[in-house]
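Have the 3D view open and follow along.

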Amino acid sequence: MSNVKRINLALQGGGAHGAFTWGVLDRILAEDDIEIAAISGTSAGALNGAALKAGMVAGGRQGARENLSWLWEQIGAVTDERLTAWISAAAPSAGIIAKMIEYSPAYTAFDLTTRMMSPYLYGPALRNPLERILCDMHFDEICAPEGPALHICATNVRSGKIRVFSGEEVSPNSIMASACLPSLFKAVEFEDPKTGEVEAYWDGGYTGNPALFPLYNNDLPDDILVVNINPLRRETLPSDPQSIQNRVNEISFNSSLFRELRAIDFVKRLLNQNKVAKGTMKDVLVHMISDDELMNTLNVATKTIPAPVVLARLKEAGFAAADQFLAQHKSDLNKQSTIDLQEMFS
């Protein structure tokens, strides 16, 4: 197809809030003239990326959309559009639901337990719920050379370094590692295919949420579309323990992304000032889809507890945000960045 716009996707982690990314991807996949060349994902972003790729390899764009719906149905979403519309209309706002979950006795007890006890004391009582879902995902298709290149980010516990799993390295273990919050689950330990050594991994958000550098390869397009689900700014000052810890995590998980965006901005300034020769460094075009207004109404409880109503609202919001982005900026793809990096850091 002529005039196809090729892009790379950078998918953030954020627990159940990754349903926002589901909505974004569902909208982008409806555009026949946008090709997804590569995906870098962390935690929920890794799951979304793996589901998209497996579906794409098996059944093209529609297969990818159906596989993403299947994934979130397993997590807890209602995917019947008639039921979703009814539930969404009858239920209170996402912010009210978030507060209801956060202050419920069950969640309060769960939150206190995870703060006061090591996951190594739980034994098998608290298994990662992703295990069941990952057993039903098709890794022959996820690891296939066809379709978008897929990169999964995790954090090596002992070295503190980022580890990016790509191609045939992507496995149930690497995706669980990418989504392993150390306050909830034991570190995911398995033999690293690169070193042959057994390594331990935590959530990739600490070192790359997600990593952008795997998307700099010369054979990939210049455009990176970041789907951001951790709010860059919160207007309300956190004051209770849960909201303080949640904001600490958001800042931590955004910091690695900011570092890479600053590096991109630095290179772009060098190129624009002719301090380095054109073509010697990649002139990355950066785009971002987010909904900080919605994310400011949610909290750590809605990241942890996949409430069907909240998942439905997140998907709708992601779809709408992507629709707005395409209406405003589709013509900019493969031509220019649509976010001002210097303004972002000022």
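## A strand and a cavity

Leu9 sits opposite Leu225, a residue of strand β7. Keep in mind that this is a predicted model.

**How buried is β7?**
- Strand β7 covers residues 223–227, and five of its five residues are buried, so the rest of the structure largely encloses it.
- Asp223, Leu225 and Val227 point one way from β7, while Ile224 and Val226 point the other way.

**Who are its partners?**
- Strand β1 (residues 5–11) pairs with β7 in the parallel sense, over four bridges.
- Strand β8 (residues 285–289) also runs parallel to β7, and five bridges join the two.
- Leu225 turns up here too, standing opposite His287 in β8.
- Together with helix α9 (residues 241–272), β7 and β8 make a right-handed β-α-β unit.

- The structure holds one cavity of 30 Å³ or more.
- The largest cavity has about 40 Å³ of space in it.
- Leu225 is one of the residues lining the largest cavity, and others include Ile7, Ile28, Ile289 and Phe325.
- Helix α12 (residues 308–329) gives the largest share of that lining, three residues.
- What classes of residue make up the lining of the largest cavity? There are nine nonpolar residues, no polar ones and no charged ones.

Technical notes: Residues are numbered from 1 along each chain as its sequence is written. This is a predicted model: local features need pLDDT of at least 70, side-chain atom pairs count only at pLDDT 80 or more; totals for chains, interfaces and linings use all residues. Side-chain values use heavy atoms; hydrogens and water are left out. Buried means under 20% relative accessible area, exposed over 50%, partly exposed in between (1.4 Å probe, protein chains only). Two strands pair if DSSP finds at least two bridges between them. A crossover is right-handed if, with the strands pointing away from the viewer, the path from the first strand over the helix to the second runs clockwise. On a 1 Å grid over the protein atoms alone, a cavity is a set of points where a 1.4 Å probe fits but cannot get out, and a pocket is an open set with protein on both sides within 12 Å along at least five of seven lines; lining residues have an atom within 4 Å of a point. Grid points are joined across faces, edges and corners, and a volume is the space filled by probe spheres set on the points. Ala, Val, Leu, Ile, Met, Phe, Trp, Tyr, Cys and Pro count as nonpolar, Asp, Glu, Lys and Arg as charged, and the others, Gly among them, as polar.
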